[in-house]
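Please look at the sequence and the model before reading on.

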Amino acid sequence: MRKKLTISSIQKAKGQRPLVMITAYDALFAKLFEESADMILVGDSLNMSFAGKSDTLSATLQQMIYHTNAVCAGAPNSFVVCDMPFGTYITKEKALQNAIEVFQSTAADCVKIEGGREKADVIRYLTENGIAVCGHIGLLPQSVRSEGGYKVKGRSKEEKEALIEDAKAVAAAGAFCMVIEGTKADVAEAVAKAVTIPVIGIGAGNGVDGQVLVFSDMLGLFEEFTPKFVKKYMDGATLVKEAVALYAKEVGSREFPTEEYTY
Ligand code: KIV
């Protein structure tokens with residue numbers, strides 16, 4: 001059985017080996033990922049892939065707590081990151097109250113917060129009060145409506161400088177690691193070099209300190225759209241559909257259940 005990572009072992013991985021993060025939303029999949037992943041992220045992406053919504057904004061704290069509990073139950077030896085959903089950390093006081101609720105109701109090891117310099121105060125307040133924080137900079141899915149879509153970051157010199165400042169502010173505020181999403185690879189690499197904490201990329205190239213993917217994307221289960229950065233490690237949707245179609249056919253023809261499956 002794999003030893004659970006700690007904040008210190010996650011930080012020590014920087015410069016030594018790339019960290020592996022994957023999302024999970026339930027015990028079933030979390031258990032399957034435990035052996036290979038360093039960290040499991042209960043992302044608010046569950047609002048899209050599991051709740052069928054068009055973005056992450058309507059995910060609630062109670063939903064995140066419910067799914068985080070399931071993941072912690074399925075993968076008790078995994079370092080679990082719980083995403084703070086939209087609107088739950090707009091002030092440092094609100095953030096602390098909500099993060100305490102996450103910590104008291106689940107076994108999550110840290111919370112994740114989207115935002116750079118503008119969220120430094122919130123991150124500092126949480127870390128000063130015993131809540132470990134994973135930052136999230138670059139493309140911020142919770143800003144999709146205000147930004148008018150998902151826009152790749154780091155395309156200009158100004159954006160590069162802003163991202164480096166964001167990363168430094170998030171690290172200085174006490175985050176122990178951060179995610180960088182949807183960012184030009186050379187810029188993400190420069191960001192990772194600018195801070196001493198691990199920077200885990202999603203759609204941010206190979207020059208960072210680790211990778212995270214949404215599991216339903218990388219298993220080919222989510223069919224609505226596939227971002228350029230998603231590698232499908234299996235064609236899950238086809239496999240599932242074929243299996244269920246075969247089951248339906250065998251039920252229809254009474255091929256199933258045979259003696260073998262009968263008491
Ligand atoms: O919600 C999520 O799954 C995330 C990843 C995209 C990093 O935040």
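The model is predicted. The points below are grouped by topic.

**Ligand site**

- The ligand sits in the largest pocket.
- Around the ligand are Thr23, Leu41, Gly43, Asp44, Ser45, Asp83, Lys112, His136, Glu181, Ile202 and Val214.
- Sorted by class, this shell consists of four charged, four polar and three nonpolar residues.
- In the side chain of Ser45, an N or O atom is 2.5 Å from an oxygen atom of the ligand.
- Asp44 has a polar side-chain atom 3.0 Å from an oxygen atom of the ligand.
- For Asp83, the distance from a polar side-chain atom to an oxygen atom of the ligand is 3.1 Å.
- On its own the ligand has 260 Å² of accessible area, and the protein covers 96% of that area.

- Most peptide bonds are trans, and most residues other than glycine have a negative phi.
- The peptide bond from Phe256 to Pro257 is cis, its omega being near 0°.
- Pro257 is located in the segment after α11, a helix that spans 236–252.
- Is Arg254 buried or exposed? Arg254 counts as exposed because its relative accessibility is 73%, and the cut-off for exposed is over 50%.

- Val80 is placed in strand β3.
- With a relative accessible area of 1%, Val80 is buried, since buried means under 20%.
- Val80 and Met39 are 41 residues apart along the chain, and their C-alpha atoms are separated by 5.9 Å.
- Where is the place of Met84? Met84 lies in the loop between β3 (79–83) and α5 (92–105).
- The relative accessible area of Met84 is 1%, so Met84 is buried.
- From Met84 to Ile40 the separation is 44 residues in sequence and 14 Å in space, C-alpha to C-alpha.

Key: Residues are numbered from 1 along each chain as its sequence is written. This is a predicted model: local features need pLDDT of at least 70, side-chain atom pairs count only at pLDDT 80 or more; totals for chains, interfaces and linings use all residues. Side-chain values use heavy atoms; hydrogens and water are left out. A residue is near a molecule or strand if one of its heavy atoms lies within 4 Å of it. A polar contact is a pair of N or O atoms within 3.5 Å; within protein, one must be able to donate a hydrogen and the other to accept it, and residues adjacent in sequence count only if both atoms are side-chain atoms. Accessible areas come from the Shrake-Rupley method with a 1.4 Å probe; for residues, only the protein chains shown count as cover. On a 1 Å grid over the protein atoms alone, a cavity is a set of points where a 1.4 Å probe fits but cannot get out, and a pocket is an open set with protein on both sides within 12 Å along at least five of seven lines; lining residues have an atom within 4 Å of a point. A molecule sits in a cavity or pocket if more than half of its atoms lie within 2 Å of its grid points. Ala, Val, Leu, Ile, Met, Phe, Trp, Tyr, Cys and Pro count as nonpolar, Asp, Glu, Lys and Arg as charged, and the others, Gly among them, as polar. Helices (H or I, at least four residues) and strands (E, at least two) are DSSP runs, numbered from the N terminus. Buried means under 20% relative accessible area, exposed over 50%, partly exposed in between (1.4 Å probe, protein chains only).
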